[in-house]
Amino acid sequence: MALVDRQRFDVRMPKQLADQLDSLSDATGFSRCEIFRRAIALYKEAKNVEKNNGKVFFRDANGETIQVIGL
């Protein structure tokens, strides 16, 4: 595995949000850091879609779609 230039930073958040992050970590098996990486990648992609006048949707198991607004 190649060395990657990394930068460390601290994130302060309300306890409720930190608890949600820990719950996600427990449920997925991903580290907090990996959850942040994935969240940022998803946010970046959504913003790119919006920038190009697209719309972002979630689709549930029943095929229902919900538009994501205000990212």
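**Reading helices, a hairpin and a salt bridge**

Modeller: Start at N53. It comes just after helix 2 and takes a positive phi of about 65 degrees. Keep in mind that this is a predicted model.

Colleague: At what angle do helix 1 and helix 2 pack?

Modeller: The angle is about 100 degrees, and the axes lie 9 Å apart. Angles of 65 to 115 degrees count as roughly perpendicular. Helix 1 (residues 15–28) and helix 2 (residues 32–51) are therefore roughly perpendicular to each other.

Colleague: Which residues meet there?

Modeller: From helix 1 come L21, D22, L24, S25 and T28; from helix 2 come R32, I35 and F36. By class, this contact has 4 nonpolar, 2 polar and 2 charged residues.

Colleague: What can charged side chains do?

Modeller: Those of opposite charge can pair when their charged atoms come close. Here R32 makes a salt bridge with D22, with 2.8 Å between the closest N and O atoms. R32 sits in helix 2 and D22 in helix 1, so the pair ties together parts 10 residues apart in sequence.

Colleague: How many salt bridges does the whole structure have?

Modeller: The search finds 5.

Colleague: Now the strands. Do strand 1 and strand 2 pair in the parallel or the antiparallel sense, and over how many bridges?

Modeller: Strand 1 (residues 56–59) and strand 2 (residues 65–68) are antiparallel, over 4 bridges. Read across the pair: V56 stands opposite V68, and R59 opposite T65.

Colleague: What lies between the strands of this hairpin?

Modeller: There are 5 residues between them, and G63 in this hairpin takes a positive phi near 85 degrees.

Key
Residues numbered from 1 in each chain as written. Predicted model: local features only at pLDDT ≥ 70, side-chain atom pairs only at ≥ 80, totals over all residues. Heavy atoms only, no water. Pairing = 2+ DSSP bridges. Helix = DSSP H or I, 4+ residues; strand = E, 2+ residues; numbered from the N terminus. Axes fitted to C-alpha atoms, helices over the stretch in contact; angles between N-to-C directions. Parallel < 35°, antiparallel > 145°, perpendicular 65-115°, else oblique. Contact = heavy atoms within 4.5 Å. Nonpolar A, V, L, I, M, F, W, Y, C, P; charged D, E, K, R; others polar. Salt bridge = Lys/Arg side-chain N within 4 Å of Asp/Glu carboxyl O.
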